[in-house]
Amino acid sequence: LLFEKIEMKKILITGCGSLIGQGLIKTMRDSSRKYNIYGTDYIKDTIGHYIVKKSFILPDILKKNCEKIWLKKLIGILKKNKINYLIPGLDFELKHLSQNKKQIEKKTRCKVIVSKLDTIKTFNDKWLTVQYLKNNKFPFPKSCLPQNLNKFLKKNKFPLVVKPRFGSTSKNVFFVQNAYELKQAIERCNKPIIQENLQSNNNEYTCGALFNSDTGALLNTITLNRKLKNGNTVIAIHKKNKNFKKINEFIKKIVNKIKPNGPINLQLCLTKRGPVIFEINPRFSGTTPLRNIFGINEIDTLISSKEGKKNKSKKLKFGTVFRYYEDLLIKKK
């Protein structure tokens with residue numbers, strides 16, 4: 001009998017202590033494949049360092065003139081530990097990883113799972129996201145910048161939403177009911193965008209997709225109806241009905257147009273005029289481990305595809321997932 005030696009792929013998760021990083025580690029731990037999981041972060045006191053094989057502290061890339069130091073340290077970690085894949089767990093790293101992707105891959109032979117810089121810049125900016133949707137004939141939220149507010153208010157009624165143009169958290173997102181609240185929100189919000197309010201009666205969905213830019217193949221999509229607390233999904237619902245089918249078909253069209261390198265996450269509301277996207281993030285999502293519970297292990301699927309192998313997918317499940325906190329005792333000093 002001949003036994004094929006199965007190589008355990010080495011995966012490095014950046015931001016291993018973040019919610020996304022923790023979710024990616026959970027997803028890999030529940031995999032049919034086996035991984036050696038490494039991590040990096042910028043903070044010492046985070047759980048991420050204790051749930052990976054080995055972890056490292058990176059220099060603060062947000063400090064002035066620190067990118068070269070950060071890059072040298074990261075490349076050193078990848079080379080020394082012979083990492084096969086790097087998966088980002090922090091939004092602010094995406095731009096830097098994309099800019100340096102070719103250099104990192106050339107010097108380390110590690111594949112960096114990150115989209116093109118133009119894609120990241122477009123979808124990091126909610127105003128550019130609206131313009132992208134509009135130019136490509138996809139439904140978009142009616143929006144304006146503060147300098148065009150008077151014209152916008154003549155055609156759009158309250159309630160409205162004021163949020164920062166840049167970033168993907170719920171921080172500084174304001175639902176305003178009148179002109180006074182609108183003025184206050186614009187003053188308190190950094191670089192705001194004003195949009196119509198799309199939310200009503202639990203109509204918000206988080207949608208994930210995987211695209212292999214090497215082959216041009218859309219690998220999968222999944223749509224979850226979600227309930228939020230402090231901007232994070234705490235309940236996710238997966239159903240088998242016409243609304244979920246309709247959204248999945250819509251997601252396939254736009255992801256095939258964007259062509260990300262790997263994961264992409266889309267937030268939308270199902271309205272009278274159909275699904276309307278209000279946020280796009282070209283990265284893995286905080287709901288990645290929830291999708292795994294429903295039967296889609298996105299990391300397994302992507303890595304299998306990158307290696308030209310067929311992924312052994314689980315049986316798709318339907319139902320509701322509740323998110324809860326866990327506690328971990330660390331006996332090490």
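This is a predicted model: local features need pLDDT of at least 70, side-chain atom pairs count only at pLDDT 80 or more; totals for chains, interfaces and linings use all residues.
Biologist: Let's start inside. Why is H238 called buried?

Modeller: Buried means under 20% relative accessible area, and H238 has 6%, so it is buried. H238 sits in strand β12, residues 232–238.

Biologist: And what makes the pair of H238 and K317 a polar contact?

Modeller: A pair of N or O atoms has to lie within 3.5 Å, with one able to donate a hydrogen and the other to accept it. A polar atom of the H238 side chain lies 2.7 Å from the backbone oxygen of K317, so the distance falls within that cut-off. Beyond its neighbours within four places in sequence, H238 is also in contact with other residues, including I222, L224, F244, F294 and F318.

Biologist: N220 is a polar residue too. How do you know whether N220 is buried or exposed?

Modeller: The cut-off for buried is under 20%; N220 has 14% relative accessibility, so it counts as buried. N220 lies in strand β11, residues 217–229. Leaving out residues up to four places away in sequence, N220 touches G208, A209, L210, I296 and T301.

Biologist: T301 brings us to helix α11. What makes α11 a mostly covered helix?

Modeller: Nine of its nine residues, 298–306, are buried. Among them are charged ones such as E298, D300 and K306, along with I299, L302 and I303. Just after α11, G308 takes a positive phi of about 70°.

Biologist: Now the other side of the scale. Why is K82 called exposed?

Modeller: Exposed means over 50%, and K82 has a relative accessible area of 62%, so the word applies. K82 is in the loop between α2 (67–80) and β4 (85–87), and has a positive phi of about 50° although it is not a glycine.

Biologist: How do you know that N201 is exposed?

Modeller: By the cut-off of over 50%: N201 has a relative accessible area of 76%, so it is exposed. N201 lies in the loop between β9 (192–196) and β10. Its phi is positive, about 50°, although N201 is not a glycine.

Biologist: What makes the peptide bond from F158 to P159 worth a look?

Modeller: That bond is cis, with omega near 5°. P159 lies in the loop between α7 (149–155) and β7 (160–164).

Biologist: Let's turn to the largest nonpolar core. What makes a set of residues a nonpolar core?

Modeller: The residues must be buried, come from the nonpolar types that count, and be joined through side-chain atoms within 4.5 Å. The largest such core has 21 residues, and those with the most contacts inside it include I251, I254, L266 and I277. At least two residues each come from α6, β10, α9, β13 and β14, and α9 gives the largest share, seven residues. I277 touches L133, P139, P141, F250, I254, L266, Q267 and L268, not counting residues up to four places away in sequence. A second, separate core of 20 residues includes L78, L94, I104 and V112.

Biologist: How many cavities of 30 Å³ or more does a search of the whole structure find?

Modeller: The search finds one.

Biologist: What makes up the lining of the largest cavity by class?

Modeller: Eight nonpolar, two polar and one charged residues. L94, S115, N261, R283 and F284 are among the lining residues.

Notes:
Residues are numbered from 1 along each chain as its sequence is written. Side-chain values use heavy atoms; hydrogens and water are left out. On a 1 Å grid over the protein atoms alone, a cavity is a set of points where a 1.4 Å probe fits but cannot get out, and a pocket is an open set with protein on both sides within 12 Å along at least five of seven lines; lining residues have an atom within 4 Å of a point. Grid points are joined across faces, edges and corners, and a volume is the space filled by probe spheres set on the points. Helices (H or I, at least four residues) and strands (E, at least two) are DSSP runs, numbered from the N terminus. Buried means under 20% relative accessible area, exposed over 50%, partly exposed in between (1.4 Å probe, protein chains only). Contact means heavy atoms within 4.5 Å.
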